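Student: I am new to this model. Please take me through it by question and answer.

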Amino acid sequence: MCRVIKECVTTLNSQDMIKLIKQLAGEHAIEAEGLRRLLAACGDDNTFNQLRDKAAQIAREQFGFGIFTRGLIEISCYCRNNCYYCGLRRDNKNASRYRLSDEEILACCKDGYSAGLRTFVLQGGEDAAFTDERLVNLILQLRHQCPEAAITLSLGERKAESYQRLYEAGASRYLLRHEAANRDLYEQIHPGEMSHANRIDCIKTLTRIGYQAGMGMMVGVPSQTIDHLVEDLLLMQKIRPAMIGIGTFIPHPDTPLGSAPTGDLRLTLAVIAITRLMHPDANIPATTALASLSPTGYLDGILSGANVVMPNISPLAARPKYEIYPGKEHSQNDITSTLNNLSQQLATKNYHL
Ligand code: 5AD
Ligand code: SF4
């Protein structure tokens with residue numbers, strides 16, 4: 001194709017895409033074909049920039065320039081599961097494991113509360129040591145210690161009764177990424193002992209109980225295609241979760257997917273932006289994976305429509321050990337400097353915590 005025609009086609013295509021972006025921003029819903037075209041067109045700088053700008057604008061209309069902070073405490077890196085992508089999988093004998101005591105967890109929250117944090121996320125592998133009884137007790141103590149704080153859990157798949165007990169104790173939000181809407185893809189990145197149907201059931205159960213539920217997936221896992229991402233976006237369009245976490249796949253050498261390439265950061269940002277257009281009022285974090293791949297990752301996420309950051313407030317010694325992928329961003333700063341650094345990064349684009 002001659003250069004002029006090629007440019008014409010690109011321009012036309014990009015104008016088409018701008019129409020599609022505007023339509024999506026107005027209607028918050030879209031068909032598979034539109035999503036496919038939009039994702040495929042994100043290689044074009046103009047389309048990519050317009051998409052991100054629109055998403056950031058929608059987020060600002062909803063939340064202003066204030067970014068929500070959630071204090072993340074990684075309570076255990078023991079996991080009974082064996083996900084093919086994750087460094088915490090049980091068969092990774094090179095992982096150095098830890099489990100925080102209740103006192104340590106409460107101390108992290110206390111410090112976070114004094115620094116102004118009002119939401120805590122207790123995240124961990126599926127560790128049998130965190131029984132319902134222990135968690136209920138922990139949640140009750142946490143509520144007593146930090147009365148105004150919202151408690152979010154991210155502890156994987158549990159029984160419906162367990163989710164119910166934890167909710168009744170006072171946890172009000174639960175993050176459980178669906179990882180892949182497409183069952184074949186799900187089965188390619190998880191061992192046979194894990195069930196796609198159970199994963200989706202858990203998310204539905206959480207919502208039914210009354211939790212604000214979080215879903216999400218990685219962009220760039222091996223074998224993932226644009227069509228798989230379309231399925232992810234359509235599943236979330238159907239379920240309408242309150243929170244949506246989207247990161248980039250980063251290979252961990254001690255896992256079966258360790259030699260696969262890193263996912264594409266730009267495509268991740270595009271998926272976040274499309275997600276924002278589809279879910280104007282969802283809480284969408286600028287994920288740690290973004291910050292691990294780029295020094296401006298958090299800001300890049302926010303400029304693609306994210307409205308939440310989740311600074312790690314785990315004990316300093318624990319942070320390097322929670323290695324779901326190598327190079328995971330884990331500053332060795334105390335809470336105050338972490339929040340200050342984040343504030344400075346955000347302030348370059350007029351955002352604040
Ligand atoms: N790269 C990026 N994200 C990962 N996760 C797990 N392993 C990786 C990896 N190698 C994500 C999964 C999981 C969350 C805890 O972290 O989506 O839900
Ligand atoms: Fe365990 Fe979650 Fe890692 Fe899977 S992704 S191995 S469930 S910590």
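Student: Is Asp127 buried or exposed, and what is its relative accessible area?
Tutor: This is a predicted model, in which local features need pLDDT of at least 70, side-chain atom pairs count only at pLDDT 80 or more, and totals for chains, interfaces and linings use all residues. Residues are numbered from 1 along each chain as its sequence is written, chains are lettered from A and ligands numbered from 1 in the order in which they are written, and side-chain values use heavy atoms, with hydrogens and water left out. Buried means under 20% relative accessible area, exposed over 50%, and partly exposed in between (1.4 Å probe, protein chains only). Asp127 counts as buried because its relative accessible area is 8%.

Student: With which residue does Asp127 form a salt bridge?
Tutor: Side chains of opposite charge can pair when their charged atoms come close. A salt bridge here is a side-chain nitrogen of Lys or Arg within 4 Å of a carboxyl oxygen of Asp or Glu. For Asp127, the closest N and O atoms are 2.7 Å apart, and the partner is Arg99.

Student: How many residues apart in sequence are the parts that Asp127 and Arg99 tie together?
Tutor: Helices (H or I, at least four residues) and strands (E, at least two) are DSSP runs, numbered from the N terminus. Arg99 is partly exposed, at 36% relative accessible area. Asp127 is in the loop between β3 (119–124) and α5 (132–145), and Arg99 in the loop between β2 and α4 (102–114), so the distance along the sequence is 28 residues.

Student: Which residue meets Glu74 in a salt bridge?
Tutor: Glu74 is buried, with a relative accessible area of 1%. The N to O distance is 2.9 Å, and the partner is Lys328.

Student: How far apart in sequence are the parts tied together by Glu74 and Lys328?
Tutor: The side chains of Glu74 and Lys328 meet in a salt bridge. Glu74 belongs to strand β2 (residues 71–76), while Lys328 sits in the loop between β8 (308–309) and α13 (335–347), so the pair joins parts separated by 254 residues.

Student: Which helix holds Asp16, the salt-bridge partner of Arg37?
Tutor: Arg37 and Asp16 have their closest N and O atoms 3.5 Å apart. The pair links distant parts of the chain, 21 residues apart, with Arg37 in helix α2 (residues 32–41) and Asp16 in helix α1 (residues 3–27). Arg37 is partly exposed at 35%, as is Asp16 at 36%. The helix asked for is α1.

Student: How many salt bridges does this rule count?
Tutor: Salt bridges also link Glu33, Arg36 and Asp227 in a network. By the rule, the count comes to 15.

Student: In which sense do β2 and β3 pair, and what is the hand of their crossover?
Tutor: Two strands pair if DSSP finds at least two bridges between them. β2 and β3 pair in the parallel sense over 5 bridges, with Glu74 opposite Gln123 in β3. A crossover is right-handed if, with the strands pointing away from the viewer, the path from the first strand over the helix to the second runs clockwise. From β2 through α4 to β3, the crossover is right-handed.

Student: Which Glu does His190 contact?
Tutor: His190 lies in the loop between α7 and α8 (196–209) and is buried at 2%. Contact means heavy atoms within 4.5 Å. Leaving aside neighbours within four places in sequence, His190 contacts Cys83, Tyr84, Tyr85 and Glu179.

Student: How many charged residues are in the shell around ligand 2?
Tutor: A residue is near a molecule or strand if one of its heavy atoms lies within 4 Å of it, and around ligand 2 these are Cys79, Asn81, Cys83, Tyr85, Cys86, Arg89 and Gly125. Ala, Val, Leu, Ile, Met, Phe, Trp, Tyr, Cys and Pro count as nonpolar, Asp, Glu, Lys and Arg as charged, and the others, Gly among them, as polar. The shell has 4 nonpolar and 2 polar residues, and the number of charged ones is 1.
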